[in-house]
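I opened my notebook to follow a few side chains and see who they meet. Here is what I looked up, entry by entry.

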Amino acid sequence: MKYFFSALITLLAFSIQAQEDDFASNDTIKKLQPVIITIKQQSPERMPETKGNVLFSGKKNEVLKLDNINGNFATNNAREIFSRVPGVTVWENEGSGIQINVGVRGLSPNRSWELNTRQNGYDISSDVFGYPEAYYNPPLEAVETLELIRGGSSLQFGPQFGGMLNYVLKRENKKKFSFETQNTVGSYGLMSSYNAIGGKYKKFSYYIYNHSRSGDGWRENSEYTVRNTHAFIEYRFNEKTKLSAEYTNMDYKMQQAGGLTDEQFNANSQQSLRERNWFGTPWNLFSINFDSKVNDRFSTNTKFFGLIGERNSVGITTTPNTADAINPATNNYANRRLDRDYYKNFGVENRNILKYELGKIKSNLAFGARIYQAKTQRLQEGKGTTGSDFDLTVDGRYARDIDFVTENVALFAENQFKVSEKLSVTPGVRYEYIKNTGEGRFGISGTTDIAFPNKTISRSKPLFGIGIEYKLLATNIYANITQAYRPVLFSDLTPPAVTDVIDTNLKDASGFNADFGYRGTYKKILNFDVSLFYLSYNNRIGGVRQFINNDPTQGTFIFRTNLGETVNKGIEGFANLNITELFNIDKPKGFLDVFATVSFIDSRYKDFSIYTATGTAPNTTISESNLSGKRVENAPRYIHNFGISWSNKHISATAQYKMSGKIFTDANNTTAASANGLTGLLDKYNVFDLSAEYKFLENYNIRGGINNLFDENYATRRAGGYPGPGILPGEGRTFYISIGAKL
């Protein structure tokens, strides 16, 4: 058996080496655990069949316990934290870590908007169905576990194609009083301080933290300050019933360095041509949570939650080959563009688990309901100041002033039929009612307002799915297929130009996720999960060029409508091998683990029509083509992470190596870079990270690490607008060192 596991690791290493092509499929994820006295299962772990009134049987899921991982938590380094989860794409816009941009299986990582992002089980994004971007993420120093439930989660959490990502915050339920502090300094002015108190007194427990971080940034013009404050209190009526409340407040100010052209990026990727671009997002979250275990067969949970927040940006949004220069005629810079959003969201979600028997078949029924409303006021294209600081003063009126409202009612149920002790089958259904409305001003022509056409889109959508799991000792085979969909977003209803026309019959995107895999553990030696996936994404929205009034002499306009389908399919694999246990090495010498996460992703347009206009009126012609067979933009062919970790009673250290393949940045699969940096192939990249921790006097620690050890010059994305058009470089070599205590 030892030889088998040795051969397995050798094979994984060889398969990565063999993929030198930019469009080969290779990726490795590495993560380790910290100081260990007894052997612990390395992250990721898997959810049990039921937990927290949720059914997980037959679903692909990963649970990352952050205490078992070394990494740069001070700056929320997603590349390190998610390295043990296969198929995760990370966008690295800047190094502040304020926003975590992750996607799975070739889906866009843009502010994690293809995922249902949650904190302690409730929503944290701007508007789950109208504008699902996560401008807030908790500081990872405050997070106990990360839970990622893939596409099969849609029946119990929502219809998102990517699944559900839940940040579970730390709590203290044992001591009467505890204090934790972690203080970090690092490259380019990084200063971070996390401080928390918590405790339990009789029937009460509480936890309060504050995290403050600031830095100058690796790039020019990328300074930032951020503060996160969180308070939690809980009252236990008895061992079976409890009531809790929590509140989170975040505020930050971030300078946006903007994008670069390829020429600028190659000459000096740290440079910035934008010093007047700023972004800030005050964010408030609250939740009241009621849990009760009525009896041994039935338990219930109800959450009332809400969000009050803003999105504020001011700056120059022109492409990087256009200078932001002082106008000699006015002796001033040009006025900046000012955009502001205001969000007010409220919801109630109820979840229940009922255990019962049908003859000799044991069953678990998970069911519940959700009511949700989100209001967004969108103010865009305001005339900002000519200054350089974070000034939200507007000159006159905003060109756009639109109110959006989303109303949502959902009912869901899944039932696990335990056909035998080994085999379980879990069918499920979810019913969604979603209503989106929009009204207001879409633009200003002279002194005349251009009204936004009052729009109301309502729909009722049933979703179905089924999961199967078969246990084999400490392993299991699992399979599932679940419908998913994505409602029309506010951005789909507000195109860039007032001349664009929106299809009145615009349809929601729909499709399904399917998984088939094998996972589990072998003794304390091997932890693994290998699977195939297939994701169908229908009714993607795009622009069709058409003649005004069907008359070539009158010019053309863009008609935004549903154009086609994409399919993402591939292989995902994770393996963690405990070398110490495999070769029966003396435990006092420490524990040695190696891990690999590999994903091969084939993401292509299956049918997507595009239209191109050439010539000028009256000699304009429109030609049609199809993107069938083209690769989906921003979806690498492979993402691999490899790592090795060692730990003893006091020291733990992790080295990990990430490989990510080339990506196209537009649907036409343009290879050559455009002069403005907005389109063109982005090269593959390999990044090496080191992290370590030393624990002493039981309660104290020193942590440190080097990110991008070999100073790789790379980029993970191009932007067409915010946070600045052009290439957005990843960070070069940086370091950090931290000292902390838990008392």
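**Entry 1: salt bridges.** I count a salt bridge when a side-chain nitrogen of Lys or Arg is within 4 Å of a carboxyl oxygen of Asp or Glu. Side chains of opposite charge can pair when their charged atoms come close. My note on the source: this is a predicted model, where local features need pLDDT of at least 70, side-chain atom pairs count only at pLDDT 80 or more, and totals for chains, interfaces and linings use all residues. Residues are numbered from 1 along each chain as its sequence is written, and side-chain values use heavy atoms, with hydrogens and water left out.

By this rule I get 40 salt bridges. I looked up Glu62 and Arg150, whose side chains form one with an N to O distance of 3.3 Å. Glu62 lies in strand β3 (residues 61-65) and Arg150 in the loop between β8 (143-149) and α3 (154-157), so this pair ties together parts 88 residues apart in sequence. Strands (E, at least two residues) and helices (H or I, at least four) are DSSP runs, numbered from the N terminus. Both Glu62 and Arg150 are buried; buried means under 20% relative accessible area, exposed over 50%, and partly exposed in between (1.4 Å probe, protein chains only).

**Entry 2: another pair.** Arg105 and Asp515 meet in a salt bridge of 2.5 Å, N to O. Arg105 sits in the loop between β5 (101-104) and β6 (116-119) and Asp515 in strand β25 (residues 509-522), so parts 410 residues apart in sequence are tied together. Arg105 is buried, and Asp515 is too.

**Entry 3: Arg340.** How far apart are the closest N and O atoms of Arg340 and Glu310? I found 3.1 Å for this salt bridge. Arg340 is in strand β18 (residues 337-358) and Glu310 in strand β17 (residues 298-315), so the pair links parts 30 residues apart in sequence. Arg340 counts as buried because its relative accessibility is 16%. I also noted a network of salt bridges with shared partners, joining Lys60, Glu62, Arg105, Arg150, Asp515, Asp529 and Glu572.

**Entry 4: Gln416.** I found Gln416 in strand β20 (residues 400-418). Is Gln416 buried or exposed? Gln416 is buried, because its relative accessible area is 0%. Its side chain makes a polar contact of 2.7 Å with the side chain of Asn364, and one of 3.3 Å with that of Glu49. A polar contact is a pair of N or O atoms within 3.5 Å; within protein, one must be able to donate a hydrogen and the other to accept it, and residues adjacent in sequence count only if both atoms are side-chain atoms.
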